[in-house]
Amino acid sequence: MTSRHDSAPLLVIDDLHVEFDTGGSTVEAVSGVDLEIRAGETVAVVGESGSGKSVTAMAVLQLLGNGRISGGSVTWDGTDITHASNKKLRSIRGNDIAVVFQDPMTSLDPLYSIGNQLSEALRLHQRMSRKQARERAIELLGMVGIPDPAHKVDAYPHQLSGGQRQRVMIAGALACTPRLMIADEPTTALDVTVEAQVLNLMRDLQRETGVALMLITHDMGVVGEMADRVVVFYAGYVVESGLADDVLNHPQHPYTQALLTAIPRRDTPRDEPMPAIPGTVPGLHEMPAGCRFITRCPYAAERCSEPQEIVRLEVAGKQRDVRCWRADPAHRTSATIESELEVL
Amino acid sequence: MTAPTLNGVEREVTNRPLVEATDLVKHFEVGGGFLSAKRPPVRAVDGVSFTINRGETLGLVGESGSGKSTLGRLVLRLIEATSGSVTFDGQDVLALKNKELIALRSRMQLIFQDPVSSFNPRMTIEQVLTEPMLVHGVGDAASRKARCRELLDLVSLPSTALARYPHQFSGGQAQRIGIARALTTNPDLIVCDEAVSALDVSVQAQVLNLLKDVQKELGLSYLFIAHDLNVVRYMSDRICVMYLGRLAEEGPSDILLNEPLHPYTEALVDAIPSSDTIGRAREPLAGEIPNPSAPPSGCRFHTRCPKRFEPCDHLEPELITVGAGNVSCHLHTEQAALHRHQDPPEHSLHGEDPQEGATA
């Protein structure tokens, strides 16, 4: 595929902060997120609800409703777009960066045929004629595996199944050959067999078009199947990031470790309790000043109540960022983290 | 022998299954209104039989539209079955009069997927927990209040929660209250319909542990309905796999997942995204679940089955026993028939296979 910008990242999010107004007070939903995506790669953004993963993605396109970027920057292809004009953003949205949402039924307009909705984007962003746009729409529907696209182009959203609607959303996202596709929980609403189809489709299309993928998910299985790199969110910031295989197999942050063991697997012993994470994610109004996982962490110590910096490590020769002072090699030799990890 | 219960009432334990469902059918009528023509009914559940033993968890899996939630509601008689029978502790549930049914309902409860929307937002948690006791005439005001505290303690919530409202709780806490409410009347059976599906992973594990703990403590039976096969396996002793209103396969959890007999079970197991197998290029099951008002002829799965052969599109397979489980698939009826021809004495167990004439 294209080798453009192989060295420079396509998207750089640097120390991003996002605030929301909530009836009189302000809450910070994203507090200092760093994230990079290179051309053609798949980066999974994982975290629980309220961890700030979707807000971060929507901040890229400034689709924040009553929220705003209160600090940091977003750079697209070398240009700072943190405070870009609406006009500039409109040319990026759809053309360069496309979004696929979780629930295709609410993203599609029930009153227009799917062909009509696909054509709208093509006519707006690519200035195609009505006829050209319709032909391209049929071609796109065929590409995403909709059977009999020449007929289905005139169907309305309610006439399609959930899986087909999500395929239409993906067709729409790819309509203007974007360089980055942001997919926010694209398969969460689908049955597991249909999920497998949609994940395969996204992988194939990525291979064909070279589009980079920012995949927001809560499912570690989806991360394992799709991602080159993974960024783990907790309570509004990044706690760990690195190559997906490495993070899944050798998690370093206590939260990532706990999260991975809390998922039932096929070989989880049925007569033992699940290793659950005690407590709940702290609310946005009650964030601890130091490590945000401190209230639930089995290793919490005095030093954890100070703000935690990202520690950059080499794990098995690969770069790994971990927001935990215990991960710092300076503490590793004397500290007991290794043995603690074994215990976990 | 007696089973331990929360409020000290002891019940006789027998060997007979707690729930026996036989040939359950539920067809939903659609159309047929003033202006619309009557259309063929949606065959949500179409001849399903199973049993749930005391203290046992029966898992129920299948894609959306397979009829698993309908089946759960049929067992509780929240909807009326078209035909078939359900017995609960020896009583014919479908024949009960209204009053008797209400009395029996105290012994069977339901936990929903979205706990917050299953509560009345204007009721305090104390009212939420007291209401079932009022309906069933349990205790006096003081004992009911004590019971509420006891229940909250059981699900690890502080008794200060009693005065609060549903919206003041997180999803995990609300599901704990949902469990507490289901336990108020001291039931024998709880139907858990996607009870942990809406919860975050870290909280889901807590709720799974809680469900197992109260089961052990109170000797409960669960009908555990969910779409996550690994969660169902962790919770269940046996699993039923449903497809388009029919039972595709039934068997002990570990055997069912590790050695699936039905191609549909196999496809479901293969489709689970796994963090262990990076970038696996699996061939997913093609197509989607067909319309349940016009199910395919023969085996309902044949339109998507990678292993279909001659009889599948015109002959419906019967449920036959294979090993520790049951399966309805011609691959196995064929095999059973073959065995019978080659080696009749040792396989006489399969001798009553009703498909014999058709498949030989």
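Predicted model: local features only at pLDDT ≥ 70, side-chain atom pairs only at ≥ 80, totals over all residues.

Biologist: What makes the radius of gyration of chain A agree with a compact globule?

Modeller: The globule rule is 2.2 Å times the number of residues to the power 0.38, and the radius is taken over C-alpha atoms. For 344 residues a compact globule would come out near 20 Å, and chain A has 21 Å, so the two agree.

Biologist: How many helices and strands does chain A have?

Modeller: Chain A has 13 helices and 12 strands. Both are DSSP runs numbered from the N terminus: helices are H or I with at least four residues, strands are E with at least two.

Biologist: Why is A:Ala57 called buried?

Modeller: A residue is buried if 20 or more other C-beta atoms, placed from the backbone, lie within 10 Å of its own; it is exposed if 12 or fewer do, and partly exposed in between. A:Ala57 has 21 within 10 Å, so it is buried. Its place is in helix 1 (residues 53-60) of chain A. Across chain A, buried residues make up 45% of the 344 residues.

Biologist: Which residues does A:Ala57 touch?

Modeller: Leaving out residues up to four places away in sequence, A:Ala57 touches A:Val45, A:Ile182, A:Asp184, A:Met214 and A:Ile216. Touching here means a contact, with C-beta atoms, placed from the backbone, within 7 Å. Among contacts in chain A between residues at least 6 apart in sequence, 64% join residues at least 24 apart.

Biologist: Which strands stand at the edges of the open sheet in chain A, and why?

Modeller: That sheet has 4 strands in the order 2-1-4-5, with antiparallel pairing. Strand 2 (25-37) and strand 5 (79-80) of chain A each have a single partner strand, so one side of each is left without a neighbour in the sheet.

Biologist: How do you know that strand 4 and strand 5 of chain A pair?

Modeller: Two strands pair if DSSP finds at least two bridges between them. Strand 4 (residues 67-76) and strand 5 of chain A are joined by 2 bridges and run antiparallel, so they meet the cut-off. A:Thr75 stands opposite A:Asp80 in strand 5 of chain A.

Biologist: What does each chain bring to the contact between chain A and chain B?

Modeller: Chain A gives 37 residues and chain B gives 34 residues. On the chain A side, the largest share, 7 residues, comes from helix 8 of chain A. By class, that side has 17 nonpolar, 11 polar and 9 charged residues. Ala, Val, Leu, Ile, Met, Phe, Trp, Tyr, Cys and Pro count as nonpolar, Asp, Glu, Lys and Arg as charged, and the others, Gly among them, as polar.

Biologist: Why is strand 9 of chain B described as largely enclosed?

Modeller: Of the 5 residues of strand 9 (residues 189-193) of chain B, 4 are buried, so the rest of the structure largely encloses this strand. Strand 9 of chain B pairs in the parallel sense with strand 8 (residues 108-111) of chain B over 4 bridges, and with strand 10 (residues 221-225) of chain B, also in the parallel sense, over 5 bridges.

Biologist: What is the hand of the crossover from strand 9 to strand 10 of chain B?

Modeller: The chain passes through helix 6 (residues 201-218) of chain B on the way, and this β-α-β crossover is right-handed. With the strands pointing away from the viewer, right-handed means that the path from the first strand over the helix to the second runs clockwise.

Biologist: What makes helix 1 of chain B largely enclosed?

Modeller: In helix 1 (residues 68-75) of chain B, 6 of the 8 residues are buried, so the rest of the structure largely encloses this helix. Among them are B:Leu71 and B:Val75.

Conventions: Residues numbered from 1 in each chain as written. Chains lettered and ligands numbered in written order. Contact = placed C-beta atoms within 7 Å.
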